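Please read them alongside the model.

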Amino acid sequence: MLILHLSDIHFKNGEAGSPMDQDHHVRTVLLRDLRQQCETIGATPDVVLVSGDVAYAGDVDEYNFAQTWLEEVCEAGGGDTNNIFAIYCHLTERQWNGASS
């Protein structure tokens with residue numbers, strides 16, 4: 001089983017996806033590197049595991065941005081969005097993959 005593990009991605013409402021987004025470049029490079037590594041090894045991740053803080057303050061918009069970006073991760077890695085598993089902090093009432101967070 002091939003696992004892609006991401007940790008502490010910290011999306012912050014008001015910054016993520018805006019001109020103030022300090023991590024846009026890092027996320028872009030990560031997606032590029034993921035595509036290249038999958039091509040190099042001839043395999044794609046079976047699972048995307050996200051641990052640590054996903055959102056800066058547990059805001060619903062932060063989780064929405066994270067979900068959109070994780071869908072991009074799955075697309076870049078040739079994976080399935082149903083195989084994203086998150087163990088994270090900054091809990092909210094939001095549901096992720098059918099489980100209350």
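1. In H2, Glu62, Tyr63, Ala66, Trp69, Leu70, Val73, Cys74, Ala76 and Gly77 are buried (under 20% relative accessible area with a 1.4 Å probe, protein chains only). Seen down the axis of H2, these buried residues fall within an arc of 155°, so they line one face of the helix; the arc is taken from the directions from the helix axis to the C-beta atoms.

2. This is a predicted model, in which local features need pLDDT of at least 70 and side-chain atom pairs pLDDT 80 or more, while totals for chains, interfaces and linings use all residues. Residues are numbered from 1 along each chain as its sequence is written, and side-chain values use heavy atoms, without hydrogens and water.

3. Helix H2 covers residues 60–77, helices being DSSP runs of H or I with at least four residues, numbered from the N terminus. Its 18 residues reach 25 Å from first C-alpha to last, close to the expected 26 Å (1.5 Å times one less than the number of residues).

4. At the start of H2, a side-chain oxygen of aspartate 59 comes to within 2.9 Å of the backbone nitrogen of aspartate 61. Just after H2, glycine 78 has a positive phi of about 70°.

5. One cavity of 30 Å³ or more is found in the whole structure (points on a 1 Å grid over the protein atoms alone where a 1.4 Å probe fits but cannot get out; lining residues have an atom within 4 Å of a point). The largest cavity has a volume of about 50 Å³. H2 gives the largest share of its lining, three residues.

Notes. Helices (H or I, at least four residues) and strands (E, at least two) are DSSP runs, numbered from the N terminus. Buried means under 20% relative accessible area, exposed over 50%, partly exposed in between (1.4 Å probe, protein chains only). A polar contact is a pair of N or O atoms within 3.5 Å; within protein, one must be able to donate a hydrogen and the other to accept it, and residues adjacent in sequence count only if both atoms are side-chain atoms. On a 1 Å grid over the protein atoms alone, a cavity is a set of points where a 1.4 Å probe fits but cannot get out, and a pocket is an open set with protein on both sides within 12 Å along at least five of seven lines; lining residues have an atom within 4 Å of a point. Grid points are joined across faces, edges and corners, and a volume is the space filled by probe spheres set on the points.
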